[in-house]
Amino acid sequence: MSFRTSGPFPPLILDDVRGAQKMLSGVARTTGMEGSRHLTDLVGAPVHLKCENLQRTGSFKLRGAYVRISGLSPVERAAGVVAASAGNHAQGVALASSLLGVRSTVFMPVGAPLPKVAATRDYGAEVRLHGHVVDETLAAAQEYAEETGAVFIHPFDHPDIIAGQGTVGLEILEQCPEVRTIVVGVGGGGLAAGIAVAVKALRPDVKIVGVQAAGAAAFPPSLSAGHPVALDSVQTMADGIKVGRPGDLTFPLIQELVDEVRTVSEDELSSALLLCLERAKMVVEPAGASPVAALLSDPESFRGPVVAVLSGGNMDPLLMQRVLTHGMVAAGRYLSLRLRLTDRPGALAALLATLTVADANVLDISHVRTDPRLGLTEAEVELHLETKGPEHCDEVAAALREAGYLVRL
């Protein structure tokens with residue numbers, strides 16, 4: 001069975017993905033499949049996590065990059081390769097090139113996380129920082145390719161890239177032959193398209209659900225229009241799927257083979273990332289957590305067994321701190337409130353005693369006495385509390401009101 005692509009390339013077939021799997025033997029890991037009891041309870045059917053966050057370089061990108069560079073002619077290899085990426089594709093190209101003895105140059109945005117820049121260099125690439133958004137970085141890489149003759153390695157829109165990423169689908173069918181739904185994040189579409197080519201050829205009954213961040217969801221309008229549509233702007237914490245236009249090759253494959261494309265909010269991404277860390281003990285970047293976010297947003301709509309692909313785990317520590325905080329807020333684990341009390345000795349201690357009884361942990365407190373809106377004997381306190389969840393937030397607020405405080409959330 002073959003599936004259509006656009007442009008000069010022949011249709012992708014299952015044999016392309018199987019050939020990529022043989023090529024990747026001993027190079028890419030066959031990543032594990034972990035069950036999730038929490039998600040299983042929510043969905044009402046078995047849910048498994050395909051752990052590409054534990055792949056070499058921390059994401060699935062090595063698969064496609066290695067297959068693409070392996071297919072270059074001796075003349076092309078001698079010219080070297082060039083890529084543009086904020087992180088995962090950069091590391092995949094760098095390692096694949098090193099393994100194959102090919103010189104690589106990778107353009108990264110000026111603000112790219114330092115750990116990702118350092119990792120790309122460690123894998124053997126020459127890193128050049130250019131531009132503040134990926135589009136500027138991409139233009140610089142393409143200009144470099146034209147000037148030097150280096151082969152540009154596209155992050156998703158090439159048959160070899162798609163076939164390499166499709167090996168994830170073959171592994172899913174081998175590890176979970178009873179699967180009925182596969183949920184996968186979608187940026188440019190290389191991973192979803194590759195998985196769909198492999199899975200639909202062998203198991204056309206399996207439903208494939210793509211997931212995009214709501215702030216970078218180019219596929220829904222493109223699917224409605226029947227052709228790739230570029231977004232005016234993209235904004236999401238999920239850098240791995242922050243792509244403003246579907247690929248010319250990936251679009252027709254997803255249009256034909258992916259059953260549904262859903263979107264998730266930033267709050268849902270944060271909550272999913274927190275769940276992966278707390279419940280599954282998995283460090284996953286926001287793009288990698290997008291399938292889990294979709295499961296959390298509407299768990300009863302998925303037919304099980306379900307496999308959710310954790311596509312990457314390259315999480316910048318500073319972003320992790322912010323995202324986890326955001327996730328705890330979204331999950332009702334933080335409570336911010338203001339209240340007024342009588343400005344007298346012991347009043348603040350009495351307030352803290354009430355919070356102690358309510359079992360709320362004070363993260364930050366601001367005690368204001370000089371605001372002109374306050375009465376002569378009044379003080380205002382702003383509190384940031386750590387709680388056990390939404391119900392506990394309500395209990396804390398109720399305890400304060402019962403103690404006589406006027407609470408403003």
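Mentor: Ser311 has a relative accessible area of 9%, which makes Ser311 buried; buried means under 20% relative accessible area, exposed over 50% and partly exposed in between, with a 1.4 Å probe and protein chains only. This is a predicted model, where local features need pLDDT of at least 70, side-chain atom pairs count only at pLDDT 80 or more, and totals for chains, interfaces and linings use all residues. Residues are numbered from 1 along each chain as its sequence is written, and side-chain values use heavy atoms, with hydrogens and water left out.

Trainee: Where is Ser311 found, and what does Ser311 touch?

Mentor: Helices (H or I, at least four residues) and strands (E, at least two) are DSSP runs, numbered from the N terminus. Ser311 sits in the loop between strand S12 (306-310) and helix H14 (317-330). Contact means heavy atoms within 4.5 Å. Not counting residues up to four places away in sequence, Ser311 touches Glu52, Asn53, Gly58, Ser59, Phe60, Leu191, Ala287 and Gly288.

Trainee: Is Pro286 buried or exposed?

Mentor: Pro286 has its place in the loop between helix H12 (266-278) and helix H13 (290-297). Not counting residues up to four places away in sequence, Pro286 touches Met237, Ala238, Leu269, Leu273 and Met315. The relative accessibility of Pro286 is 3%, so Pro286 counts as buried.

Trainee: What is the accessibility class of His130?

Mentor: His130 lies in the loop between strand S7 (126-129) and helix H7 (134-148). Leaving aside neighbours within four places in sequence, the contacts of His130 are Phe107, Met108, Pro109, Val110, Glu136, Thr137 and Ala140. With a relative accessibility of 39%, His130 counts as partly exposed.

Trainee: How do helix H1 and helix H8 lie relative to each other?

Mentor: Axes are lines fitted to C-alpha atoms, for helices over the stretch in contact, and angles run from 0 to 180 degrees between N-to-C directions. Helix H1 (residues 14-23) packs with helix H8 (residues 159-175) at an angle of about 90 degrees, and their axes are 8 Å apart. Angles under 35 degrees count as roughly parallel, over 145 as roughly antiparallel, 65 to 115 as roughly perpendicular and the rest as oblique. H1 is therefore roughly perpendicular to H8.

Trainee: Which classes of residue make up the contact of H1 with H8?

Mentor: Leu14, Asp16, Val17, Arg18, Ala20 and Gln21 of H1 meet Ala163, Gly164, Gly166, Thr167, Leu170, Glu171 and Glu174 of H8. Ala, Val, Leu, Ile, Met, Phe, Trp, Tyr, Cys and Pro count as nonpolar, Asp, Glu, Lys and Arg as charged, and the others, Gly among them, as polar. The contact of H1 with H8 has 5 nonpolar, 4 polar and 4 charged residues.

Trainee: What is the orientation of H9 to H11?

Mentor: The axes of helix H9 (residues 190-202) and helix H11 (residues 250-257) come within 9 Å and cross at roughly 50 degrees. That angle makes H9 oblique to H11.

Trainee: How do the residues in the contact of H9 with H11 divide by class?

Mentor: From H9, the residues Gly190, Ala192, Ala193, Ala196, Val197 and Lys200 meet Thr250, Leu253, Ile254 and Leu257 of H11. H11 is mostly covered, with 6 of its 8 residues buried. The contact of H9 with H11 divides into 7 nonpolar, 2 polar and 1 charged.

Trainee: Which strands stand at the edges of the open sheet of 4 strands?

Mentor: The strand order is S14-S15-S13-S16, with antiparallel pairing; two strands pair if DSSP finds at least two bridges between them. Each edge strand has a single partner, so one side of each is left without a neighbour in the sheet. The edge strands are S14 (361-368) and S16 (406-408).

Trainee: Which residue in S16 is the bridge partner of Leu339?

Mentor: Strand S13 (residues 334-342) pairs with S16 in the antiparallel sense over 3 bridges. Helix H16 (residues 390-402) packs on the sheet and touches S13, strand S15 (378-386) and S16. The bridge partner of Leu339 in S16 is Val407.

Trainee: What percentage of the protein chain counts as buried?

Mentor: The protein chain has 16 helices and 16 strands. Its C-alpha trace spans about 80 × 45 × 40 Å along the principal axes. Of its 409 residues, the buried share is 54%.
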